[in-house]
Amino acid sequence: MSRYPEVKWAQRADKVFITVQLSDSKDAKVNLEPEGVFNFSGTVGTGNTHYELKLDLYDKVIVEESKINVGVRSIFCILEKAEKVWWKKLLRGDGKAPHYVKVDWDKWVDEDEDKGAGNLDSGGMDFSNFGGMGGMGDMMGGMGGMMGGMGGMMGGMGGMGGMDEFEGSDDEGQEATKPDEHGAGTSEKKEAEAST
């Protein structure tokens, strides 16, 4: 008797990621058909427990451009979609997905976020809705006021002995760094000197 392995999936506009969760599989075989049929079979353990799976995918795929990697803990597949559109779900048909098919939240990106995912300069975030970041200054100013209020609360807390050892800290003369547009740290002091 064969069993079903756990399957996780995620997608982008042009790809579908399928991960078959099966550790130490032997004789793992994946067969992908252009019509969108995904077949898997393999055995696991000393008893050679047989796992088998057939998924009728939502739409067609390009077999030649798809990639399959059989690893120690899982079988990872990147399937190229024939049409570069978002699928409503992984499997065709009106029924619910089987209990062993789950969303891979580690790889999942929402459709509206997919367009900015390739933009590494902004960390994959779309800042176009912030209107030049003017609204962010207002929000940060409000947070500064809140943080100042919290500092006042800390001053009134008694019984916090041993805190005076931090007053003469060596950190006072050090420069703070912040990431530049390429992710590398830059010194605020150097930037201030360059602007004068």
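1. Basis of the model. Because this is a predicted model, local features need pLDDT of at least 70 and side-chain atom pairs count only at pLDDT 80 or more, while totals for chains, interfaces and linings use all residues. Residues are numbered from 1 along each chain as its sequence is written, and side-chain values use heavy atoms, with hydrogens and water left out.

2. Confidence. The mean pLDDT (the predictor's confidence in each residue, from 0 to 100) is 73, and 58% of the residues reach 70 or more. Over residues 116–150 pLDDT stays under 50, and the model has nine contacts (heavy atoms within 4.5 Å) beyond four places in sequence for them; over residues 163–196 pLDDT also stays under 50, with 18 such contacts. Where pLDDT is low, the predicted coordinates should not be read in detail.

3. Overall make-up. The protein has three helices and ten strands, where helices (H or I, at least four residues) and strands (E, at least two) are DSSP runs numbered from the N terminus. Read along the sequence, the pattern is β-β-β-β-β-β-β-β-α-α-β-β-α. Of the 196 residues, 24% are buried, a term that stands for under 20% relative accessible area, with exposed over 50% and partly exposed in between (1.4 Å probe, protein chains only).

4. Three strands form an open sheet in the order 3-4-5 with antiparallel pairing, where two strands pair if DSSP finds at least two bridges between them. Strand 3 (25–33) and strand 5 stand at the edges with a single partner strand each, so one side of each has no neighbour in the sheet. Strand 3 and strand 4 are joined by seven bridges, and S25 has V44 in strand 4 as its bridge partner.

5. Leaving aside neighbours within four places in sequence, L90 is in contact with residues including W9, V16, I18 and L57.

6. A closer look at C77. C77 lies in strand 7 (residues 74–81) and is buried, with a relative accessible area of 0%. Not counting residues up to four places away in sequence, C77 touches V16, F17, I18, F38, K67 and I68. The C-alpha atoms of C77 and F17 are separated by 5.8 Å, although these residues are 60 apart along the chain.
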